[in-house]
Amino acid sequence: MDLGIKNKVALVTASSRGLGKVVALQLSREGAQVIICARNKETLFRTRDEIAAETEGIVEAFIADVTNKKQIKKMVEQIVKKFSTIDILVCNAGGPPAGMVDDFSLDDYHDALELNLLSTINLCYEVIPFMKKQHWGRIVNMTSVSVKQPIDNLILSNTSRTGILGFSKSLSNQVAKYGITVNAVCPGYTKTQRVENLAKSYKESGKGTIADFYKKIENSIPMRRLGTPEEFANAVAFLVSEGASYITGVALQIDGGFVKGLF
Ligand SMILES: NC(=O)c1ccc[n+]([C@@H]2O[C@H](COP(=O)([O-])OP(=O)(O)OC[C@H]3O[C@@H](n4cnc5c(N)ncnc54)[C@H](OP(=O)(O)O)[C@@H]3O)[C@@H](O)[C@H]2O)c1
């Protein structure tokens with residue numbers, strides 16, 4: 001299936017590893033001109049080179065922290081200077097630390113909101129004017145299955161990501177008339193460094209072994225396995241495609257059936 005995104009300019013944030021990286025790779029395979037960003041220069045540049053080597057596409061990398069307004073503004077300005085616009089925006093960031101209500105102070109909630117919610121809002125504010133001008137745009141905001149079914153031991157994530165859902169839905173209603181779609185994606189447990197870190201923190205908190213962690217998760221998923229980053233990236237690639245032009249305001253789970261509710 002041709003996704004119709006050849007030569008589109010796609011900014012995928014927090015994309016030197018994990019889900020963001022595989023989304024960037026997938027969009028590059030589809031012929032998009034891809035811009036990636038992260039904080040660690042070495043990993044970021046290695047990823048840029050890996051993607052470009054595989055797809056022979058145009059891949060740019062910017063060292064930027066999504067919580068830093070100045071850095072994001074500068075990155076968007078430089079992208080627009082070079083590519084004239086941004087057609088596709090995938091707002092991703094790292095995940096806040098795992099823990100229960102007693103593990104955190106108000107400052108930790110501020111940090112989590114900055115990392116996930118405010119970074120998403122800021123990126124959308126920076127990029128939407130260009131999408132409006134050209135009457136075409138695709139925005140995909142990263143959340144988690146925790147927005148539909150809060151996950152024990154992830155209270156910061158459960159809290160910060162639900163705001164993204166409210167923002168995405170409201171925004172989708174307001175920019176639809178400009179040909180811009182805004183959707184949220186809700187990955188379930190997907191094999192990345194982030195899940196390996198959660199497994200380590202499970203072991204360190206004395207709850208059981210790393211194998212116990214994975215067994216517990218697999219038992220909670222009807223497909224009885226974790227997802228792959230590629231399975232996640234396929235869904236994002238469809239949402240940013242020409243063919244998904246009438247899909248907006250949804251929050252799509254990519255979770256092997258993990259969420260047990262109806263919506
Ligand atoms: N994997 C899952 O099962 C799963 C499930 C649900 C939700 N999620 C969420 O999906 C997102 C991506 O997860 P992942 O598993 O791909 O994580 P990951 O493997 O830890 O990768 C995170 C990526 O984000 C970058 N990053 C982190 N903080 C950043 C910041 N402040 N500014 C710019 N880049 C930043 C990292 O690079 P640098 O450290 O160099 O900046 C890295 O490239 C996270 O928010 C995670 O919580 C993941």
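Aromatic contacts in the predicted model

By the rule that rings of Phe, Tyr and Trp (its six-membered ring) pair if their centres lie within 6.5 Å, the count comes to three aromatic pairs. One of them joins Y189 and F258 in an edge-to-face arrangement (planes over 60 degrees apart), with 5.8 Å from centre to centre and 85° between the planes. Y189 lies in the loop between β6 (180–187) and α6 (193–204) and F258 in the segment after β7 (251–254), so the pair ties together parts that are 69 residues apart in sequence; helices (H or I, at least four residues) and strands (E, at least two) are DSSP runs numbered from the N terminus. Y189 is buried at a relative accessible area of 16%, and F258 is buried at 7%, where buried means under 20%, exposed over 50% and partly exposed in between (1.4 Å probe, protein chains only).

F213 and Y214 also form an edge-to-face pair, with 5.3 Å between the centres and 80° between the planes. F213 counts as buried at 9% relative accessibility, whereas Y214 is partly exposed at 23%. Together with Y202, F213 and Y214 form one aromatic cluster.

Charged side chains also meet rings: K8 lies over the face of W136, at 4.0 Å from the ring centre, and R48 lies over the face of F45, at 4.4 Å from the ring centre. A charge sits over a ring if NZ of Lys or CZ of Arg is within 6 Å of the ring centre and within 35 degrees of the ring normal.

The model is predicted, and local features need pLDDT of at least 70, side-chain atom pairs count only at pLDDT 80 or more, and totals for chains, interfaces and linings use all residues. Residues are numbered from 1 along each chain as its sequence is written, and side-chain values use heavy atoms, with hydrogens and water left out.

Definitions and conventions. Rings of Phe, Tyr and Trp (its six-membered ring) pair if their centres lie within 6.5 Å; planes under 30 degrees apart count as stacked, over 60 as edge-to-face and the rest as tilted.
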